[in-house]
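Please read these points with the model open beside you.

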Amino acid sequence: MKYLPRPTAPVDDLLIRPLEPYDTDEAAQVWWRSRHAPGAQLPPAIHTAEQVATWFAEVLLPDAQTWVGLDDGRIVAVLTLDGDDLDQLYVDPEVAGRGIGSTLVDLAKDLRPGGLALWTFQTNLSAQAFYRSHGFTEVRRTDGAANEERAPDVRMVWGKHPEAVTD
């Protein structure tokens, strides 16, 4: 499957800023809508929407670096970096395909010039193609035993990340 952006207008006035305490519910809703959008190639979430909101407030806000992308004052995307892992990247399905995810990947690269790594599910072929288009390469696959969903996943890296395979 090839990643093809939707033919929609770009977002001209995207504001990216750190996640604030008052953002956590809205950011969690973006995560939830993205995970449950028609055609999403992700396993079902194993937590409720309320549990996800609590996770944003009690884990992502204090323990990771999370940014939100706003369009017209509304949160439309979430990016979380945990060390050199691109841990979360979700764009509201209503604005997907407008370059917001690419803008956030560029931010992540700027913030981690030494390299990045991420996990994506093996079923999420669109995400794998998207990350490959941004220079990420696959370094391994697992049976998913180490993730909460117990779904097979793919490890991808960019730049001079320590897990990068060198010839």
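**Notes on the fold**

1. The buried residues of α4 pack against β4, α3, β5, β6 and β7. Those buried residues are Ala 127, Gln 128, Ala 129, Phe 130 and Tyr 131. Contact here means heavy atoms within 4.5 Å. Buried means under 20% relative accessible area, exposed means over 50%, and partly exposed lies in between (1.4 Å probe, protein chains only). After α4 comes Gly 135, with a positive phi near 90°.

2. On provenance: this is a predicted model, in which local features need pLDDT of at least 70, side-chain atom pairs count only at pLDDT 80 or more, and totals for chains, interfaces and linings use all residues. Residues are numbered from 1 along each chain as its sequence is written, and side-chain values use heavy atoms, with hydrogens and water left out.

3. The chain has four helices and seven strands. Their order along the sequence is β-α-α-β-β-β-α-β-α-β-β. Both kinds of element are DSSP runs, numbered from the N terminus: helices are H or I with at least four residues, strands are E with at least two.

4. The largest nonpolar core holds 23 residues. Leu 79, Leu 86, Leu 89, Tyr 131 and Phe 136 have the most contacts inside it. At least two residues of this core come from each of β3 (74–82), β4 (85–91), α3 (100–111), β5 (116–121), α4 (125–133) and β7 (153–158). α3 gives the most, five residues. A nonpolar core is a set of buried Ala, Val, Leu, Ile, Met, Phe, Trp, Tyr and Cys residues joined through side-chain atoms within 4.5 Å.

5. Which residues does Leu 89 touch, not counting residues up to four places away in sequence? They are Val 78, Leu 79, Gly 101, Leu 104, Val 105, Phe 130 and Tyr 131. There is also a second, separate core of 19 residues, which includes Leu 42, Val 68, Ile 75 and Ala 151.

6. Two backbone angles deserve a look. Asp 72 has a positive phi, near 60°. Asp 72 sits in the loop between β2 (65–71) and β3, and is exposed because its relative accessible area is 76%. Arg 150 also has a positive phi, near 55°. Arg 150 lies in the loop between β6 (137–142) and β7. With 54% relative accessibility, Arg 150 counts as exposed. Most residues other than glycine have a negative phi.

7. Pro 162 is in the segment after β7. Its relative accessible area is 72%, so Pro 162 is exposed. Pro 162 and Leu 42 are 120 residues apart along the chain, and their C-alpha atoms are separated by 27 Å.

8. Now the overall dimensions. The radius of gyration is 15 Å, which agrees with the value near 15 Å for a compact globule of 167 residues. That radius is taken over C-alpha atoms, and the globule rule is 2.2 Å times the number of residues to the power 0.38. The C-alpha trace spans about 45 × 35 × 30 Å along its principal axes. Of the 167 residues, 45% are buried.

9. Among contacts between residues at least 6 apart in sequence, 62% join residues at least 24 apart. The chain carries 15 positive and 26 negative charges, with mean positions 7 Å apart. Lys and Arg count as positive, Asp and Glu as negative; His and the chain ends are not counted. Each charge is placed at NZ of Lys, CZ of Arg, CG of Asp or CD of Glu.
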